[in-house]
Each structure stands twice: as C-alpha cells, then as structure tokens.
Amino acid sequence: MEKIDTKVLPEKLATAPAWTLSNDHLSIHREFKFADFVEAFAFMSAVAITSEKRNHHPEWFNVYNKVQIKWTTHDAGGLTQRDFDMAQFCDSIAQGFGHAAV
C-alpha cells in the first residue's frame, strides 16, 4: 500500500471529518465515548474482527467507556487508504453502539 502524499491529505480527511491528523502527518486519531465499558468493549471487538480480516490493526487505548484509536500504516511509513477505510468503518460501527461525540 502506498503512502498518501501530504498534498492529498485534506481531501482524504474530508472523508473522515471527525478524525484528527497528527502534527507529523503520519497518523489520524479519534476518541469515542460509549454508555459503559461493555459497549466500549463490544465496539473494540467489532473493530478487532474487521482489523484482523483486513490485516490492518489500530493502536488504541481504552479506559472504561472511552476508546482512543490511532491509524497509521507502519509498512508505508505513514497514512494510506487503508487507514481512512478503517476510520470510516469505526465511525459507522460506532453509530450502531450509540457512540457519543467526544
């Protein structure tokens, strides 16, 4: 997978507007907040299953009802289309869990 040129990043970010680009332009991140730990864990499980199927795994952190996710493609040395695809997947699956914007 080819690293996305920084000139194209604004266009790619428009497809995942809730995500924040890192200062070094090598990753995107977002925090999700759920009703409780069980809901947060169910969300993480759904993301984990899809991540495994797509062979593209997040960097993430969870405390109780909050899940922080960071996407980057280490093999490419930065952001690729896979990261934006997974960000969009996370956004869509979070809605099904009643995600509250953070």
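## Ground rules for burial

A residue counts as buried when its relative accessible area is under 20%. F32 comes out at 0%, so this phenylalanine is buried. Keep in mind that this is a predicted model.

## The aromatic cluster

Start with the rings, since F32 keeps turning up among them. The whole structure holds five aromatic pairs. One of these joins F32 and F34 in a stacked arrangement, with centres 6.3 Å apart and planes at 20 degrees. F34 has a relative accessibility of 4%, so F34 is buried as well.

F32 also pairs with F43, this time tilted: the planes make an angle of 45 degrees and the centres sit 5.0 Å apart. F32 belongs to strand β2 and F43 to helix α2, so this pair ties together parts of the chain 11 residues apart in sequence. Both F32 and F43 are buried. Taken together, ring pairs link W19, F32, F34 and F43 into a cluster.

What does F43 touch, once residues up to four places away in sequence are set aside? The list runs through F32, F34, V67, I69, C90, I93, A94 and F97.

## Helix α3

Helix α3 covers residues 81–96, which makes 16 residues. From first C-alpha to last, α3 reaches 23 Å, close to the 22 Å expected at 1.5 Å a residue.

Quite a few α3 residues are tucked away: D83, F84, M86, A87, F89, C90, D91 and A94 are buried. Their cover includes α1 (9–13), β2 (28–33), α2 (37–54) and β4 (66–71).

## Two salt bridges

The salt-bridge count comes to two. One pairs D91 with R30, and here the closest N and O atoms are 2.4 Å apart. D91 sits in helix α3 and R30 in strand β2, so the bridge ties together parts that are 61 residues apart in sequence. Are D91 and R30 buried or exposed? Both are buried.

The other salt bridge runs between K70 and E59, with 3.2 Å between the closest N and O atoms. Here strand β4 supplies K70 and strand β3 (residues 59–63) supplies E59, linking distant parts of the chain 11 residues apart. K70 has 31% relative accessibility, so K70 counts as partly exposed. E59 is partly exposed too, with a relative accessible area of 31%.

## A serine in a loop

K70 also shows up in the surroundings of S27. S27 lies in the loop between β1 (20–21) and β2. Its relative accessibility is 6%, so S27 counts as buried despite the loop setting. Leaving out neighbours within four places in sequence, S27 is in contact with T20, L21, S22, K70, W71, T72 and L79.

Terms used
Residues are numbered from 1 along each chain as its sequence is written. This is a predicted model: local features need pLDDT of at least 70, side-chain atom pairs count only at pLDDT 80 or more; totals for chains, interfaces and linings use all residues. Side-chain values use heavy atoms; hydrogens and water are left out. Helices (H or I, at least four residues) and strands (E, at least two) are DSSP runs, numbered from the N terminus. The expected span of a helix is 1.5 Å times one less than its number of residues. Buried means under 20% relative accessible area, exposed over 50%, partly exposed in between (1.4 Å probe, protein chains only). Contact means heavy atoms within 4.5 Å. Rings of Phe, Tyr and Trp (its six-membered ring) pair if their centres lie within 6.5 Å; planes under 30 degrees apart count as stacked, over 60 as edge-to-face and the rest as tilted. A salt bridge is a side-chain nitrogen of Lys or Arg within 4 Å of a carboxyl oxygen of Asp or Glu.
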